[in-house]
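User: Hi! Could you walk me through how to read the packing and the charged pairs in a protein model?

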Amino acid sequence: TYREWARRIYQLARAVQEAGYGGKHVAVLAPNTHGGLLTYSAVPWAGSVLVPLNTRLTPEEYEFQLRHAEVKLLLVDESLHDRVAKVAGDHGIEVWVMGKADGAGQDFEARLAAQDDSPLALPEIDEDDTITINFTSGTTSDPKGVMISHRAAFLNLTNLLYHLDLRPGAQVLHTVPLAHSNGWGMAWAVTAAGGTHHTLPDPAGLRPVLESGIVTHLCASPAWLSPLLEGGRSGG
């Protein structure tokens, strides 16, 4: 529920602040998961700047982006931890591993559980302050860090609310990677509409989710949609 979601946002925001990273640059490396989505609300709520990282890069590319964005804390899904552990260690970046309630993931959940989950006041920020630093693909040179302001993110989600007619009953499937322009802004637009977030870590699961009839909205590139046209519906 949104009440439960808010409590986790407050807990992670307080954990970031308590660790001394309030106002600092905090990166996230995760597929479209609950934990990954959580960072898009919790990190800005801590007064920090979120730096989303593409899940398909090499350690060398992560090294450049983490260094270029002056990242101090990295929140990483357990499935991708091995890819960035050494790079983060070499640059003195603290790493929090998000995952299941066992192994490395237990530390993250324990960190949240140790925090107060009562409402947390918004930080003092200006609308022109940076909310995220999103990197370009770097096809012609090194990737460029694009600083997106709180105002720009708000205008983006407002456009999505209008053009997609997002409302409280919306069942939105996050197919666009959240690291790709903040899921095209859907990371915040769904919450603004009071809709339901559905996360999809593995693109292979797209067809069965759509055939379930639950989803009312999704954003996707042709590369995502074209496989659905091959062979028609499953089973016939």
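Predicted model: local features only at pLDDT ≥ 70, side-chain atom pairs only at ≥ 80, totals over all residues.

User: Which residues have the most contacts inside the largest nonpolar core?

Analyst: A nonpolar core is a set of buried Ala, Val, Leu, Ile, Met, Phe, Trp, Tyr and Cys residues joined through side-chain atoms within 4.5 Å. Buried means under 20% relative accessible area, exposed over 50%, and partly exposed in between (1.4 Å probe, protein chains only). Here the largest core has 42 residues, and Leu12, Val16, Leu75, Trp96 and Met186 have the most contacts inside it. Elements giving two or more residues include helix H1 (2-18), strand S3 (71-77) and helix H8 (186-193); H1 gives the most, with eight residues. Helices (H or I, at least four residues) and strands (E, at least two) are DSSP runs, numbered from the N terminus. Another core, of 20 residues, lies apart from this one and includes Leu66 and Val87.

User: How should I read helix H6, and which of its residues are buried?

Analyst: Start with length: the expected span is 1.5 Å times one less than the number of residues. The 14 residues of H6 should span 20 Å, and the end C-alpha atoms are 20 Å apart, which agrees. His150, Ala153, Leu157 and Leu160 are buried in H6. These four cover an arc of only 90 degrees around the axis, so they sit on the same side of H6; the arc is that of the directions from the helix axis to the C-beta atoms. Tyr162 and His163, on the other side, are exposed.

User: And how many salt bridges are there?

Analyst: Seven in this structure, where a salt bridge is a side-chain nitrogen of Lys or Arg within 4 Å of a carboxyl oxygen of Asp or Glu. In one of them, Glu109 pairs with Arg8, with the closest N and O atoms 3.1 Å apart. Glu109 lies in helix H5 and Arg8 in helix H1, so this pair ties together parts 101 residues apart in sequence. Arg207 and Glu211 also form a salt bridge, at 4.0 Å between the closest N and O atoms. Both lie in helix H9 (residues 206-211), four residues apart, about one turn of the helix.

Terms used:
Residues numbered from 1 in each chain as written. Heavy atoms only, no water.
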